[in-house]
Amino acid sequence: MDKIEQIKSVFHDELAACSTIAAVQELKVKYLGKTGELTGLLKSIKDLSAEERPSFGAKVNELRNLMEAVLAEKLDELKVAELQRRLQEERIDVSLTATKPWGALHPVTLIQNEITELMVAMGFEVLSGPEIETDYYNFQALNIPEDHPARDMQDTFYITDSILLRTQTSAMQARLMEKKKPPIKVICPGKVFRSDSDASHSPVFHQIEGLVVDKNITLCDLKGTLEYIAARMFGENTKVRFRPSFFPFTEPSVEVDVTCSNCGGKGCSLCKGTGWIELLGAGMVNPCVLENCGIDSKKYNGFAFGIGMDRFAMIKYGIPDIRLLFENDQRFLKQFGK
Ligand code: PHE
């Protein structure tokens, strides 16, 4: 009987010292488990006399019931405390303002949107075409036969002998004129590809093709259109200059420069001291191209131009390296974000 009292008192002390659920569970095993103290006590009943056994057994059972009850109570207490602690720790303040997810239009998209808006206001249609193109539309229909040296102007990614990644949005000219007859007034923005990579060349870049075909179109119409675009994109005081150039699909062909938006024409590092920045290629649609598409070149003529949108973005935003446009570094992109 003393032993029972002793176990009971040690048990109470040990229980009082338990501060975690795990410790209470351990204590339960220590006293009530298969090899626990109380189980051991019950086993010792065989050493007692027949008269002593009932009262001893009853006492041990009483203690077992007591232990079970207080252990359960202690576990409940600790579980409630644990829940309180978690509620406190994991509390979410639903009244806090959320952090805004960040997103902004890419500088090339900004340029494309701006130019498209201008052109649509002047009555141009907007069309897009395939990036994987046939040799025919990218070259042959544009008066660039196989083995023509003009193909060297554009380092081409070929997929097969006759299929390639388009090197210019000019590929849309013949596609379009085969289907649509004059008057034609369209722009075709899109990606183009050339095997070239340095600070001013990227293997993928963006152009907007402009094409006008109608009666009595002149170089003055081309110049007026490009002057308007330049003034709207780079400021009213921007001057435009045409230099003779060569493209097999335009005749005459011109290279178009604008006064440097950075120095206003005085000369700086952006324009390499010349005061001018080369902007795009353009010209009067070569009659061969019209005829290739079944348009009577005696009745109709037209102009075409190809704007490099990446170049526009670099000039407009003072971006020194074209590759920045393709790295998607948020530190760069955030400067244009709203
Ligand atoms: N396609 C030419 C290029 O990528 C640009 C161009 C377009 C020139 C239309 C003339 C007319 O270099």
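Modeller: A salt bridge is a side-chain nitrogen of Lys or Arg within 4 Å of a carboxyl oxygen of Asp or Glu. The structure holds 15 salt bridges. This is a predicted model: local features need pLDDT of at least 70, side-chain atom pairs count only at pLDDT 80 or more, and totals for chains, interfaces and linings use all residues. Residues are numbered from 1 along each chain as its sequence is written, and side-chain values use heavy atoms, with hydrogens and water left out.

Biologist: What makes Glu278 and Arg243 a salt bridge?

Modeller: The N to O distance is 3.8 Å. The cut-off is within 4 Å, so the pair counts. Glu278 lies in strand 8 (residues 276-285) and Arg243 in strand 6 (residues 240-247), so the pair ties together parts 35 residues apart in sequence. Strands (E, at least two residues) and helices (H or I, at least four) are DSSP runs, numbered from the N terminus.

Biologist: Why is Ile132 called exposed?

Modeller: Its relative accessibility is 53%. Exposed means over 50%, buried under 20%, partly exposed in between (1.4 Å probe, protein chains only). Ile132 therefore counts as exposed.

Biologist: And why is Glu278 called partly exposed?

Modeller: Glu278 has a relative accessible area of 40%, so it is partly exposed.
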